[in-house]
Amino acid sequence: MRNWLLIVMLLLSMSLSGCGYNTLQSTDEQIKASWSEVVNQYQRRADLVPNLVNVVKGYAAHEKEVLTQVTEARARVGSIQATPELINDEQAFAKFQQVQAQMTSALSRLLAVSENYPQLKADGVFRDLQAQLEGTENRITVARNRYIKAVQEYNVTVRSFPSNLTAMMFGFKTKPNFSVENEKEISTAPKVDFGAAPAVK
């Protein structure tokens, strides 16, 4: 009797390995790990913001609107709980992307303001913070790319036969991925006209 039980267990384990269950588990874990790295890099960026704002504030106190926008964007980023469950909720995921995009936009405006202040650009602390921010933006891009690939692999497994049957049986669903915010804008080719004469002043 014990031998039959071992044979049945062996057959079950062999059938499960061929049905994609283990692949679903490993790719799901890869998504969680990749997501953690994305959140980690966004947190690193959020941590740099107060120092950057304080340095700019010392040189450009009358740029209050820009400084306020950056501070508010950071507060919105901090208000979202970026838990692993967020990647299973398309609306929450979209909101997370939107808030991070607002932060990116606010930081871009802040760095553009710094161009108007040569003393600020020459400040060692500002240059260091700016370099850290640029490095963090690069890390965010790498982390997002890894997450995108992990989700792609997982979603292909969830949708491919025969693993899609296993996915349905165990409740695995496709996960949302990062998207381009201004997709319509970037899909339209820019108009370049070299024939127009410059305006006379």
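Modeller: A pocket here is an open set of points on a 1 Å grid where a 1.4 Å probe fits, with protein on both sides within 12 Å along at least five of seven lines, and lining residues have an atom within 4 Å of a point. The model is predicted, so local features need pLDDT of at least 70 and side-chain atom pairs 80 or more, while totals for chains, interfaces and linings use all residues. Numbering starts from 1 along each chain, and side-chain values use heavy atoms, without hydrogens and water.

Around the pocket you'll find Val39, Tyr42, Gln43, Ala46, Arg74, Val77, Gly78, Ile80, Ala82, Phe96 and Gln100. Helices H2 (21–59), H3 (64–79) and H4 (90–114) each give two or more residues to that lining, (helices are DSSP runs of H or I, at least four residues). H2 has the largest share, with 4 residues. By type, the lining splits into 7 nonpolar, 3 polar (Gly counts here) and 1 charged.

Now follow Arg74, one of the lining residues. Its side chain meets that of aspartate 47 in a salt bridge, 3.9 Å from N to O (the cut-off is a Lys or Arg side-chain nitrogen within 4 Å of an Asp or Glu carboxyl oxygen). This pair ties together distant parts of the chain, with aspartate 47 in H2 and arginine 74 in H3, 27 residues apart. Arginine 74 is partly exposed, at 28% relative accessible area (partly exposed lies between buried, under 20%, and exposed, over 50%, with a 1.4 Å probe and protein chains only). Aspartate 47 is partly exposed too, at 42%.
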